[in-house]
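Look at the sequence and the structure side by side. The paragraphs below go through them step by step.

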Amino acid sequence: MQPVGIPAGPRPDDDDEQALVTALQRGEEAAFAELVARYGASLLRLARTFVRDRAVAEEVVQETWLAVLNGIDRFEGRSSLKTWIFQILSNRAKTRAVRERRSTPFSALAGDGADDEAAVDADRFRDETHRWAGHWAAAPGDWSALPDERLLEGETLAQVQAAIETLPPRQAEVLVLRDVEGWEPEEVCAALDISDGNQRILLHRARSKVRAALERYLSEGATP
Amino acid sequence: MSRTDVAHVTCREFVEILTDDLEGVLEAGEAAEIERHIVICRGCSNYLEQMRSTIDLLGRIAADQPGEAPTGAALAIFRAWKAERSA
Amino acid sequence: MIAYKFLRDGRVGPFSGVAWPAEGQWLQAVGGDRACSARVHACRIADLPEWLDHELWRVELDGDVRVDCGKLVADRGRLVDRVAAWDAELMAAFAEACALRARDAALTLLTPGAAHDALADCATAEQLATAAAQMAADDQVEPDGARASGYVGDAARHVLGARAQPATAPTHAAVNGFIAAHAAAFAEDDLDAVARERAWQADWIVRHAHL
């Protein structure tokens with residue numbers, strides 16, 4: 001269950017991060033191994049929201065580690081280490097995505113999909129002429145009525161991952177950091193340099209799309 | 001002249017405002033209206049549970065792919081960087 | 001102070017999903033995935049119709065108790081005892097009482113005649129469903145009357161749904177309370193009719209659940 005965001009304050013891992021930075025600056029391999037263990041898988045997941053090819057995503061992650069190492073002496077701790085690393089990755093992944101033609105240089109400007117996209121198709125609701133305009137015409141089903149294993153089986157999880165890959169990059173970014181990686185809203189805003197409101201809109205659109213994809217998958221072959 | 005139509009949260013509005021509700025940014029009055037709607041609407045109650053399941057599944061992705069030791073390539077990068085520093 | 005609390009099957013909070021402890025044990029409000037989960041919520045008599053659910057309990061509230069947006073909020077609460085009379089059958093009866101109220105509202109919008117009389121003669125949800133369906137097919141019925149009888153048909157279906165599937169009775173009962181309030185405001189063309197209708201509903205619950 002997602003925790004409610006807490007206001008920004010002293011970061012709980014400040015001392016821990018400072019120790020890591022210092023150890024890295026001293027060239028300690030164990031510190032680097034710690035960073036990779038902590039963030040490696042997450043970085044790869046985030047890279048893959050921009051570049052589909054796993055090999056290319058791994059290259060982006062390697063480039064990120066190199067940039068982190070090359071910049072570690074200049075790291076001042078104005079942002080958290082985690083935020084800084086993910087900013088580097090995000091920038092590199094976007095640049096690489098342009099080169100790989102997954103997106104154009106204007107994708108970021110074009111925004112995150114249609115500005116008026118709705119969380120649920122309008123045809124699922126009663127239209128304005130109905131006495132219950134705006135209410136469900138075709139209501140969502142009760143997933144707790146599904147066999148237990150259905151929601152938890154590997155194929156369902158794979159469908160969720162596939163849905164993430166179809167999201168516009170800006171929506172995918174926020175969804176992955178918030179709901180997959182478990183970042184706080186403030187951390188995401190800092191890493192992506194967006195407002196809280198903007199972060200929430202992107203999260204809303206992304207979650208709505210993934211839920212819809214999951215609903216389509218789970219209702220395949222269901223008895224009406 | 002049309003008759004009094006009691007203003008209330010519709011399902012269409014519910015699905016758009018749900019993220020704000022889960023994020024805890026609604027005013028108390030708005031959050032109470034959301035709850036009142038859930039009480040009378042199985043569809044939206046189901047939608048809320050579907051959204052919670054979706055978020056839960058997203059959270060399981062990371063568990064599916066836990067952290068690893070550095071790859072040979074990552075270690076090579078580190079060692080080359082360290083060697084250059086000492087030079 | 002003593003108040004009332006609706007819970008889902010198994011003493012579960014309807015929005016927090018938190019299971020309440022056994023009678024007499026205090027529940028301290030804890031956080032959940034929604035901001036207002038951090039307080040314990042309960043009902044005054046007047047609030048009851050809007051929060052219907054499977055189980056109705058008398059609760060004791062403690063700490064800073066306030067009224068907020070149509071409910072009581074407190075730091076902690078404990079279950080005192082369960083209102084045994086509040087069960088699926090009573091919920092269906094409530095739903096039917098509300099459907100008949102919606103019918104009363106619709107009558108004020110129908111000119112005297114066959115359609116009016118057919119609706120006036122109804123005493124049960126089945127009869128209401130039939131009369132409303134006939135009216136829906138009758139294009140002689142005036143628009144406002146037609147709409148109001150649409151509400152009656154909806155409410156009748158919810159009564160039948162509550163009886164057919166008792167596990168779903170709470171939602172059917174709750175929505176019929178909403179429909180009746182909506183129908184009253186529509187028929188009287190007066191938003192204040194909502195509060196009057198809800199007061200009637202609260203009184204119905206007090207009498208029939210022996211609160």
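## Strands of chain C

In β7(C), C:Leu27 has C:Gly77 as its bridge partner. This is a predicted model. Strands of a sheet pair through backbone hydrogen bonds, either parallel or antiparallel.

Stay with β7(C) for a moment. Strand β4 (residues 55–62) of chain C also pairs with β7(C). That pairing is antiparallel too, and six bridges make it up. Find C:Arg58, then look across: C:Asp81 in β7(C) stands opposite.

Now turn to an open sheet in chain C. Three strands form this sheet, in the order β3-β6-β5. The pairing is antiparallel. Which strands stand at the edges? They are β3 (40–42) and β5 (66–67) of chain C. Each has a single partner strand, so one side of each is left without a neighbour in the sheet. Take β5(C) as an example. Two bridges join β5(C) to strand β6 (residues 72–74) of chain C. Here C:Arg66 stands opposite C:Val73 in β6(C).

## A glycine in a helix

Is C:Gly153 buried or exposed? There are 21 other C-beta atoms within 10 Å of C:Gly153, so C:Gly153 is buried; the cut-off for buried is 20 or more. What does C:Gly153 touch, leaving out residues up to four places away in sequence? The answer is C:Ala129, C:Ala132, C:Ala133 and C:Ala136. C:Gly153 and C:Ala183 are 30 residues apart along the chain. Their C-alpha atoms are separated by 12 Å.

## Chain A

Next comes chain A. Chain A holds ten helices and zero strands. Read from the N terminus on, its elements run α-α-α-α-α-α-α-α-α-α. Chain A has 224 residues, and 35% of them count as buried. Now consider the contacts in chain A with a separation of 6 or more. Residues 24 or more positions apart account for 65% of these contacts.

Chain A is divided into domain 1 (14–99) and domain 2 (122–219). The C-alpha centres of domain 1 and domain 2 of chain A lie 28 Å apart. Their contact takes eleven residues from domain 1 of chain A and twelve residues from domain 2 of chain A. Which elements of domain 1 give two or more residues to the side that touches domain 2? They are α2 and α4 (81–99) of chain A. The largest share of this side, four residues, comes from α4(A). By class, the domain 1 side divides into three nonpolar, six polar and two charged residues.

## Where the chains meet

Chain A also touches chain B. In this contact, 46 residues of chain A meet 41 residues of chain B. On the chain A side, α2 (29–47), α3 (54–71), α7 (154–165), α8 (169–180) and α10 (196–219) each supply at least two residues. The largest share comes from α2(A), with nine residues. The chain A side has 23 nonpolar, 13 polar and ten charged residues.

Chain B meets chain C as well. This contact takes 16 residues from chain B and 25 residues from chain C. The largest share, eight residues, comes from α2(B). By class, this side of chain B has seven nonpolar, three polar and six charged residues.

## How confident is the prediction?

Among the elements of chain A, α10(A) has the highest mean pLDDT (97). The lowest (50) belongs to helix α5 (residues 107–110) of chain A. Over residues 1–9 of chain A the pLDDT is below 50. Beyond near neighbours in sequence, this stretch has 14 contacts in the model. Where pLDDT is low, the predicted coordinates should not be read in detail.

Terms used
Residues numbered from 1 in each chain as written. Chains lettered and ligands numbered in written order. Predicted model: local features only at pLDDT ≥ 70, side-chain atom pairs only at ≥ 80, totals over all residues. Contact = placed C-beta atoms within 7 Å. Nonpolar A, V, L, I, M, F, W, Y, C, P; charged D, E, K, R; others polar. Buried ≥ 20, exposed ≤ 12 C-beta atoms within 10 Å, placed from the backbone. Pairing = 2+ DSSP bridges. Domains from an automatic or database assignment. pLDDT = per-residue confidence, 0-100.
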